[in-house]
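This briefing is intended for a reader who is meeting the structure for the first time. Please keep the sequence and the model in view while reading.

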Amino acid sequence: MDEHIRVDGRTAEFAGEIIDDNTNSLTWWTEKHNNYASREVVDLLNLEYGFMPHETVADLREWQQAGVKRWLKENIYARLPRGSRAVLYFFYRYILRLGFLDGQEGTAFHVLQGFWYRFLVDAKLQEVKSYMRRNDVDVVKAMRDVLGIDVQAVSVCPA
């Protein structure tokens with residue numbers, strides 16, 4: 001997921017790099033990302049329907065990476081047609097960011113994380129919206145029935 005942590009108070013910076021040498025199986029990885037995809041659908045639906053409070057780090061003023069990435073996701077990526085997001089994101093990562101130079105394992109990663117995962121999010125989003133139309137239910141019930149995710153519906157006042 002594209003999560004960011006907001007901290008009130010002091011933080012510290014560490015020198016060096018963090019290496020995630022994950023040795024879990026591909027099955028573990030795809031199951032984890034299937035669950036992440038459902039959670040991302042909730043985030044995208046919340047942007048559209050506003051059924052719970054929305055905190056964000058989206059900010060272009062300070063040009064910090066997390067803020068810019070979140071702004072792009074909320075204001076451009078989320079508004080692109082479903083299906084096209086996966087293709088465009090894969091093209092960006094695999095072609096423009098030279099992912100094709102990452103070898104066989106890199107290609108598998110870019111296809112799965114840059115295309116499959118994004119396409120899965122869009123497919124699940126379509127599934128929830130279709131369920132809403134077919135069954136004439138609200139977004140909260142549709143997410144519970146289709147994704148198995150129960151969110152507490154909160155009335156949000158329009159800004």
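The model is predicted. Helix 5 spans residues 139-147, and its buried residues pack against helix 1 (26-49) and helix 4 (103-135). Helix 1 and helix 4 are also among the elements that cover the buried residues of helix 2.

**Helix 5: buried face and ends**

- Val-139, Val-140, Ala-142, Met-143 and Leu-147 are the buried residues listed for helix 5.
- Viewed down the axis of helix 5, these buried residues fall within an arc of 160°, and they therefore line one face of the helix.
- After helix 5 comes Gly-148, which has a positive phi near 75°.

**Helix 4 against helix 5**

- The axes of helix 4 and helix 5 are 9 Å apart, and the two helices pack at an angle of about 120°.
- Helix 4 is therefore oblique to helix 5.
- Helix 4 and helix 5 form a right-handed crossing.
- On the helix 4 side, the contact involves Lys-124, Glu-127, Val-128, Tyr-131 and Met-132.
- On the helix 5 side, these residues are met by Val-139, Ala-142, Met-143, Asp-145, Val-146 and Leu-147.
- Within that helix 5 group, Val-139, Ala-142, Met-143 and Leu-147 are buried.

**Helix 1 against helix 4**

- Helix 1 and helix 4 have axes 8 Å apart and pack at an angle of about 50°.
- Helix 1 is therefore oblique to helix 4.
- The crossing in which helix 1 passes helix 4 is right-handed.

**His-33 in helix 1**

- His-33 is part of helix 1.
- The relative accessible area of His-33 is 7%, so His-33 counts as buried, the cut-off being under 20%.
- Leaving aside residues up to four places away in sequence, His-33 touches Gln-113, Trp-116, Tyr-117 and Leu-120.

**Helix 2**

- Helix 2 runs over residues 65-75.
- Its buried residues are Gly-67, Val-68, Arg-70, Lys-73 and Glu-74.
- The cover over the buried residues of helix 2 includes helix 1 and helix 4.

How values were computed
Residues are numbered from 1 along each chain as its sequence is written. This is a predicted model: local features need pLDDT of at least 70, side-chain atom pairs count only at pLDDT 80 or more; totals for chains, interfaces and linings use all residues. Side-chain values use heavy atoms; hydrogens and water are left out. Buried means under 20% relative accessible area, exposed over 50%, partly exposed in between (1.4 Å probe, protein chains only). Helices (H or I, at least four residues) and strands (E, at least two) are DSSP runs, numbered from the N terminus. The arc is that of the directions from the helix axis to the C-beta atoms. Contact means heavy atoms within 4.5 Å. Axes are lines fitted to C-alpha atoms, for helices over the stretch in contact, and angles run from 0 to 180 degrees between N-to-C directions. Angles under 35 degrees count as roughly parallel, over 145 as roughly antiparallel, 65 to 115 as roughly perpendicular and the rest as oblique. A crossing is left-handed if the near helix is turned anticlockwise from the far one by less than a right angle, and right-handed if clockwise.
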